[in-house]
Amino acid sequence: MEQGDALPRVGAVVLTMNDRPRELAEALASLRAQRGVELDIVVVGNGCVPEGIPDGLRTVSLPENVGIPEGRNVGAGQVAGDHLVFFDNDAVLPTTDALARLVTYLRGDPQLAYVQPRIADPDGTTLRRWVPRLRASDPARGGVATVMAEGVVLVRRSAFEEVGGWPGHFFLFHEGVDLAWRLWDHGYTGRYTPDVLVHHPATSPTRHEGFYRLTARNRVWLARRNLPSVLVPFNLASWLVVTLARTREGRTLRVSFQGFAEGWRGDYGRRAPMSWHTVRRLTRAGRPPLV
């Protein structure tokens, strides 16, 4: 950056339910320690009044838990900046230049809408679901990302607003795929940048109440909202095959199929099927929208 240039402005959105006071304090401290960017941080209380927030940070209190994607939409409307970072309340940036380095990627490529750093447990473990591409066995290999791990991601604000933000009604799970697909359908791309590291505890998503139901329901909504009609049954058939292959417990299967049925009955939101050009772009990038 040339001397005298203004620092890039980044709006940071952090959600809380006041259930992780120590982790939230560490997350906010690591954000406030960032150098090379001008940060505007908001903490959104999802169904609560945020507690233990350092002086100088703004908060928003929602009267009920509206879910992660909608909470992040609310937060995005409260911060300034050409870039938005969505940051889990148990994540930590171990270096003070992480956000500046992520911003450099966006500034260097106007077609790039989002960049995701490598997310790893402090012991070095990177879960497969945190690597936003197929062939995820080597998390140190970067490249084009056709989906995203929602927990920590930097997004170009103009692109985010152009596609309408997160699908708020998803509540939890698959919202990152939905957002990424819509960004790609508007001509943008994404990138996975493992040279920038974020620490995050390697927890299981099944700890969330409703995991199997919401995952199944949102998978149906994802396909019905975004895919050409002819691809919807192929996408959902692949999900069914994977679910049957991975699941042995009868109750889990029942809940999953209940969520699947709910996806067909419920309001999935506005349908805006991606173009076949986008399908080809995603396929060439290594992840056809069938799996």
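Visitor: What should I know about numbering and cut-offs?
Guide: Residues are numbered from 1 along each chain as its sequence is written, and side-chain values use heavy atoms, with hydrogens and water left out. The model is predicted, so local features need pLDDT of at least 70 and side-chain atom pairs count only at pLDDT 80 or more, while totals for chains, interfaces and linings use all residues.

Visitor: Start with H7. How many residues does H7 have, and what does it span?
Guide: Helix H7 covers residues 232–246, which is 15 residues. From first C-alpha to last it reaches 21 Å, close to the 21 Å expected at 1.5 Å a residue. The expected span is 1.5 Å times one less than the number of residues. Helices (H or I, at least four residues) and strands (E, at least two) are DSSP runs, numbered from the N terminus.

Visitor: Which residues of H7 are buried?
Guide: Val232, Asn235, Leu236, Ser238, Trp239 and Thr243. Buried means under 20% relative accessible area, exposed over 50%, and partly exposed in between, with a 1.4 Å probe and protein chains only.

Visitor: Why do the buried residues of H7 line one face?
Guide: Seen down the axis of H7, they fall within an arc of 150°, so they line one face of the helix. The arc is that of the directions from the helix axis to the C-beta atoms.

Visitor: Which exposed residues are on the face of H7 turned away from its buried side?
Guide: Phe234 and Val241.

Visitor: And what covers the buried residues of H7?
Guide: The cover includes helix H5 (175–185), helix H6 (211–226) and helix H8 (250–265). The cut-off for contact is heavy atoms within 4.5 Å.

Visitor: How do the axes of H7 and H8 cross?
Guide: Two packed helices are described by the angle between their axes and the distance between the axes. Here the axes of H7 and H8 come within 11 Å and cross at roughly 165°. Axes are lines fitted to C-alpha atoms, for helices over the stretch in contact, and angles run from 0 to 180 degrees between N-to-C directions.

Visitor: Are H7 and H8 roughly parallel or roughly antiparallel?
Guide: H7 and H8 are roughly antiparallel to each other. Angles under 35 degrees count as roughly parallel, over 145 as roughly antiparallel, 65 to 115 as roughly perpendicular and the rest as oblique.

Visitor: Left-handed or right-handed crossing for H7 and H8?
Guide: Right-handed. A crossing is right-handed if the near helix is turned clockwise from the far one by less than a right angle, and left-handed if anticlockwise.

Visitor: Which residues meet between H7 and H8?
Guide: H7 brings Val232, Leu236, Trp239, Leu240, Thr243 and Leu244, and these meet Leu253, Ser256, Phe257, Phe260 and Trp264 in H8.

Visitor: Which residues in H8 are buried?
Guide: Thr252, Leu253, Val255, Ser256, Gly259, Phe260 and Gly263. Down the axis of H8 they fall within an arc of 165°, so they too line one face of the helix. The buried residues of H8 pack against H6 and H7. On the face turned away, the exposed residues are Arg251, Arg254, Gln258 and Arg265.

Visitor: What about Thr252, what is it in contact with?
Guide: Leaving aside neighbours within four places in sequence, Thr252 is in contact with Tyr212 and Thr247. Its relative accessible area is 11%.

Visitor: Now H5 and H6. At what angle do H5 and H6 pack?
Guide: At about 15°, with their axes 10 Å apart. That makes H5 roughly parallel to H6. The contact is made by Val177, Asp178, Trp181 and Arg182 of H5 and Leu222, Arg225 and Asn226 of H6. H5 passes H6 in a right-handed crossing.

Visitor: Where does Phe171 sit, and where is His174?
Guide: Phe171 is in the loop between helix H4 (157–162) and H5, and His174 lies in the loop between H4 and H5. Phe171 has a positive phi of about 70° although it is not a glycine, and His174 likewise has a positive phi of about 70° without being a glycine. Phe171 is partly exposed, at 32% relative accessible area.

Visitor: Last one. Where is Pro289, and what does Pro289 touch?
Guide: Pro289 is in the segment after helix H9 (276–284), and at 2% relative accessibility it counts as buried. Not counting residues up to four places away in sequence, Pro289 touches Trp181, Leu227, Asn235, Met274, Val279, Leu282 and Thr283.
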